[in-house]
Amino acid sequence: MLVITRNVTIDRPVGEVEQQFGDVAHHERTAVHHGVQFVVLDETPEFCVYEQVTKLGPARIRQSFRLERNDPACQVNTITGGAFSGGSITFKITPIEGEGGGGERATAVTATLRAPVTGIAAWFAPVLRRALGRSLARALGEDRRDLESGKYSGRASPFPHTPRIASAGDGVDPR
């Protein structure tokens, strides 16, 4: 099992960071991550099931995920299908207190990828570790830029906060 951890500090309040990391539909619509395509398959306030295609060098890695939204401070994206099935990506999100007790100033995010490697992939584990580590660090940087730019307002997706209720002719896909 490969275990890869990367960290980032984001100069935004913890609630906003938690919300953006759990908002897969926002990632799908706005292409936050270069070379990554998201497709939300099912979404409720409690979970999100989605597919992700990631370009890693010349290869494309297709995966299915289930994000449980029961703890915004520790978001676990379980890999349910495709490459590294049975693994996960966990985001631990914690506030950083401002200087002099002035309250929340920024947010620390620790991302941990757990990827089972078997067969021929095990032979390439050192190369995979470096490539996946770079990819994880790049993705965290892209989330940081998305949040610090002010592009993410929390209004981008009705989830994880309120269920989508579609009515005839409103243009909302009720999935």
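**Exercise 1. Is Arg12 buried, partly exposed or exposed, going by its relative accessibility?**

*Solution.* Keep in mind that this is a predicted model. Step one is the cut-offs: buried means under 20% relative accessible area, exposed means over 50%, and partly exposed lies in between. Step two is the value itself: Arg12 has 28% relative accessibility, so Arg12 counts as partly exposed.

**Exercise 2. Find the salt-bridge partner of Arg12 and describe the setting of that partner.**

*Solution.* Start with the side chains: Arg12 meets Glu16 in a salt bridge, at 2.9 Å from N to O. Now look at the surrounding helix. Glu16 is listed among the buried residues of α1, which also include Val17, Phe21 and Gly22. Helix α1 spans residues 14-22 and is mostly covered, with eight of its nine residues buried.

**Exercise 3. Work through two further salt bridges, Arg66 with Glu68 and Arg144 with Glu148.**

*Solution.* The structure holds four salt bridges.

- For Arg66 and Glu68, the closest N and O atoms are 2.4 Å apart. Arg66 is partly exposed at 31% relative accessibility, and Glu68 is partly exposed with a relative accessible area of 31%.
- For Arg144 and Glu148, the N to O distance is 3.8 Å. Both residues belong to helix α4 (residues 125-148) and sit four residues apart, about one turn of the helix. In an α-helix there are 3.6 residues a turn, so residues three or four places apart point the same way. Arg144 is partly exposed at 26%, and Glu148 is partly exposed at 36%.

**Exercise 4. How many disulfides does the structure hold, and how accessible are Cys48 and Cys74?**

*Solution.* The disulfide count is zero. Cys48 has 0% relative accessibility, so Cys48 is buried. Cys74 has a relative accessible area of 24%, which means that Cys74 is partly exposed.

Technical notes. Residues numbered from 1 in each chain as written. Predicted model: local features only at pLDDT ≥ 70, side-chain atom pairs only at ≥ 80, totals over all residues. Heavy atoms only, no water. Disulfide = S-S within 2.5 Å. Buried < 20%, exposed > 50% of the residue type's maximum accessible area, 1.4 Å probe, protein only. Helix = DSSP H or I, 4+ residues; strand = E, 2+ residues; numbered from the N terminus.
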